[in-house]
Amino acid sequence: MALVLLGCSAARLGYSNGEFISYWWLNSYVDFDSEQKPWVKSHIDKVFSWHRKTQLKEYVRLISRIQHRDLATVTQADLLADYNDAKTRVLMIAERAAPELADLAISLDATQISHLEQKFIKSNDKFRKEYLRGDIESRQEFRYKKALKQAEYWFGNFSKEQEAKMRIASDARPLNNELLMADRVHRQQELIALLKKIQTEKPGKEASVALLKKFTAATVDRFGNKQHQAFFDESTAATAAMVASVMHMTTPAQKAHFVKTLQDWITDFNKLASH
């Protein structure tokens, strides 16, 4: 169930203000100049307009299908299918946005790319403080609490007995925060190298679009790193198993909370799709 695997309340609340948040986030990383600001905002508006007109109805169909499932019989395979469906739709956004991203990449100067590098350094410092401290037990506890918080958004409060079962399922997932850090840094380095290549060689828009699409495809298979790919595949499968176990033990009240929460998403997406 992709929404449980990937989603949270912030995603729902943020999407309705997606243009503003996307611009704010991008600007915080590259610091747009006065010439870039208006057309970057326009590009973002175009991508969101396309997404709302062509994609949200498909999301509604996916959520509605999930909403009518019998949680007592949902399987890991069901959830992995949802996850792969969601991943495909994310890649569709990247495909559609590639021309706009190419315009942005072409426009960046050396100072802005340096600014992006510094932002990556700061965000990685924060990641280290959160994920690379403590022993295995404390890291398991930290990860479990994040999973519990997300599960509470979808299902409401859990009993102590349910929380204990969820902790066991959470701890069964592979844990390698050092690998997460290495994968994160590698992806950032590849992006910086790509932006510098475009900035210095000035390959033109069509070639830049191709380079960006190649980068997106490379991120999917972890840039050919078999160890990283295997870890993330195992982690996704184990997370799906954890979510299935949570669904199996939900009470009638928790099931009702789940259905209502999904309906809130459906209502929001239908409203946004009609604009």
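Biologist: Is Trp25 buried, partly exposed or exposed?
Modeller: This is a predicted model, in which local features need pLDDT of at least 70, side-chain atom pairs count only at pLDDT 80 or more, and totals for chains, interfaces and linings use all residues. Residues are numbered from 1 along each chain as its sequence is written, and side-chain values use heavy atoms, with hydrogens and water left out. Buried means under 20% relative accessible area, exposed over 50%, and partly exposed in between (1.4 Å probe, protein chains only). The relative accessibility of Trp25 is 45%, so Trp25 counts as partly exposed.

Biologist: How are the rings of Tyr131 and Phe142 paired?
Modeller: Rings of Phe, Tyr and Trp (its six-membered ring) pair if their centres lie within 6.5 Å; planes under 30 degrees apart count as stacked, over 60 as edge-to-face and the rest as tilted. A search of the whole structure finds 14 aromatic pairs. With centres 5.2 Å apart and planes at 90°, the rings of Tyr131 and Phe142 are therefore edge-to-face.

Biologist: At what distance from the ring centre of Phe232 does Arg222 lie?
Modeller: A charge sits over a ring if NZ of Lys or CZ of Arg is within 6 Å of the ring centre and within 35 degrees of the ring normal. The charged end of Lys41 sits over the ring of Tyr23, 4.9 Å from its centre. Arg222 lies over the face of Phe232, and its distance from the ring centre is 3.6 Å.
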